[in-house]
Amino acid sequence: MSAGSGPGDLQPGDLVVSRNRKWNGTAHWVVPGTYLGEDIHGWWIFQGAGEFCSRPGAAFYTASDAILLVPRAGEFVATFYDDSYPGDFRIYVDLATEHAWKSIRPGVTEFHMIDMDLDVIRSTQHGVFVDDEDEFEEHQVAMGYPQAMVDSMRAECAALFEAVDTMTAPFDITGTNSTSAEWFRKGRA
């Protein structure tokens, strides 16, 4: 299912469990959140402080609030952090494909995606950079990424790097009227 396919009858306040996996089907992150709503960019999910997140071999309780954007178009998801986050990330974009929404029961939906390794990150200390290029190279061979997928992910990564670097909406994170600031306000209300 493409990123443009929406979550159906999801309502603000509903539980959304993000379930990520790798190309070969192995489990990756599971992150709970609360659906906030949608705008021209996509669907927004609040991930509050103290939530339990896990993946095989790792688990933790979140140290601060975050906002997840599932885009209407594009092969990624983006997590936004504000100054309450104790680390230096402000934007963490995961290159991801095969976005899909699955209603479990009224009020509970799963969001599925395949994590494609590459990440575009805005850091307060290191600026904007691409992470996990080595993992992407390794997995091309180990997991057999099709060449068309490799080319698509590289092109998407370059476009996202430019958007995050120039703070093109929704990656405009400065000021009280930034795109993510409004969703943080809604999530904390």
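I began with Phe52 and found that its bridge partner in S5 is Tyr61. Strand S4 (residues 52–55) and strand S5 (residues 58–61) run antiparallel and are joined by four bridges; I counted strands as paired if DSSP finds at least two bridges between them. I then looked at the turn of this hairpin, where two residues lie between S4 and S5 and Gly57 has a positive phi of about 90°.

Before going further I noted the basis: this is a predicted model, in which local features need pLDDT of at least 70 and side-chain atom pairs count only at pLDDT 80 or more, while totals for chains, interfaces and linings use all residues. Residues are numbered from 1 along each chain as its sequence is written, and side-chain values use heavy atoms, with hydrogens and water left out.

Next I read the order of elements, which from the N terminus on is β-β-β-β-β-β-β-β-β-β-α-α-α, that is, 10 strands and three helices (DSSP runs, with helices being H or I of at least four residues and strands E of at least two, numbered from the N terminus). The radius of gyration is 16 Å, close to the 16 Å that the globule rule gives for 189 residues, so the protein is as compact as a globular protein of that length; the radius is taken over C-alpha atoms, and the rule is 2.2 Å times the number of residues to the power 0.38.

Last, I looked up burial, and 48% of the 189 residues count as buried, meaning under 20% relative accessible area with a 1.4 Å probe, protein chains only.

Conventions:
Buried < 20%, exposed > 50% of the residue type's maximum accessible area, 1.4 Å probe, protein only.
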